[in-house]
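User: I would like to learn how to read this model feature by feature. Could you take me through it, with the general idea before each case?

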Amino acid sequence: MEKENQNNKLECGIIIGQIIDFEFYKTLFDPVRSEILKFLAVQGNKNITEIAKNFTQDRSVISRHLELMSRYRILNKTKQSRSTFYEINKNLILEKFEATTKNLKELMEK
């Protein structure tokens, strides 16, 4: 009985790992990246210079955060002349939350 219970827990853990994009959420909810998202939500489309001057971290650190968020498509980036501008990808973030909620509901109804 104990072994069966352990197998069920393991299987459940695997399923949860498949239906929740944990890397996306880790990227989204990092404290510095969350602050960058709040800044962009209020200020709108901004370049690295405009973003970095509002944070205590070095510009290179902010740049790495922006690139990671772009890689996970949390931010859209657009090249204009010599600058790259970043804006929140609202649609993707909402889609991820909706899909996660739907998948968790389905899992819990089983």
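User: Let's start with the pocket: what volume does the largest pocket have, and which residues line it?

Analyst: Rolling a probe the size of a water molecule over the atoms shows where empty space is left. Here the largest pocket has a volume of about 150 Å³. On a 1 Å grid over the protein atoms alone, a pocket is an open set of points where a 1.4 Å probe fits, with protein on both sides within 12 Å along at least five of seven lines. Grid points are joined across faces, edges and corners, and the volume is the space filled by probe spheres set on them. Its lining, meaning residues with an atom within 4 Å of a point, consists of Leu40, Ala41, Gly44, Asn45, Asn76, Glu87, Ile88, Asn89, Lys90 and Asn91. Two or more of these residues come from each of α3 (31-43), β3 (83-88) and α6 (90-108). By class the lining has 3 nonpolar, 5 polar and 2 charged residues; Ala, Val, Leu, Ile, Met, Phe, Trp, Tyr, Cys and Pro count as nonpolar, Asp, Glu, Lys and Arg as charged, and the others, Gly among them, as polar.

A word on the basis: this is a predicted model, in which local features need pLDDT of at least 70 and side-chain atom pairs count only at pLDDT 80 or more, while totals for chains, interfaces and linings use all residues. Residues are numbered from 1 along each chain as its sequence is written, and side-chain values use heavy atoms, with hydrogens and water left out.

User: How many helices and strands are there in the protein, and in what order do the elements run?

Analyst: The protein has 6 helices and 3 strands. Helices (H or I, at least four residues) and strands (E, at least two) are DSSP runs, numbered from the N terminus. From that end the elements run α-α-α-β-α-α-β-β-α.

User: Which residues have a positive phi although they are not glycine?

Analyst: Most residues other than glycine have a negative phi, and most peptide bonds are trans. Ser81 has a positive phi of about 60 degrees, and 2 residues lie between the strands of its β2 and β3 hairpin. Ser81 is exposed, with a relative accessible area of 72%; exposed means over 50%, buried under 20%, and partly exposed in between (1.4 Å probe, protein chains only). Arg73 also has a positive phi, of about 65 degrees. Arg73 belongs to the loop between α5 and β2 and is exposed at 51% relative accessibility.

User: Which residues of α2 are buried, and which are exposed?

Analyst: An α-helix has 3.6 residues a turn, so residues three or four places apart point the same way. In α2, Phe24, Tyr25, Thr27 and Leu28 are buried. They cover an arc of only 160 degrees around the axis, so they sit on the same side of α2; the arc is that of the directions from the helix axis to the C-beta atoms. Lys26 and Phe29, on the other side of α2, are exposed. The buried residues of α2 pack against α3, α5 (59-71) and α6.

User: What does Thr27 touch?

Analyst: Thr27 lies in α2 (residues 22-29) and is buried, with a relative accessible area of 4%. Not counting residues up to four places away in sequence, Thr27 touches Arg33, Leu68, Met69, Tyr72 and Ile74. Contact here means heavy atoms within 4.5 Å.

User: And for the protein as a whole, what percentage of the residues is buried?

Analyst: Buried residues make up 30% of the 110 residues. Of the contacts with a separation of 6 or more, 52% are between residues 24 or more positions apart.

Conventions
Pairing = 2+ DSSP bridges.
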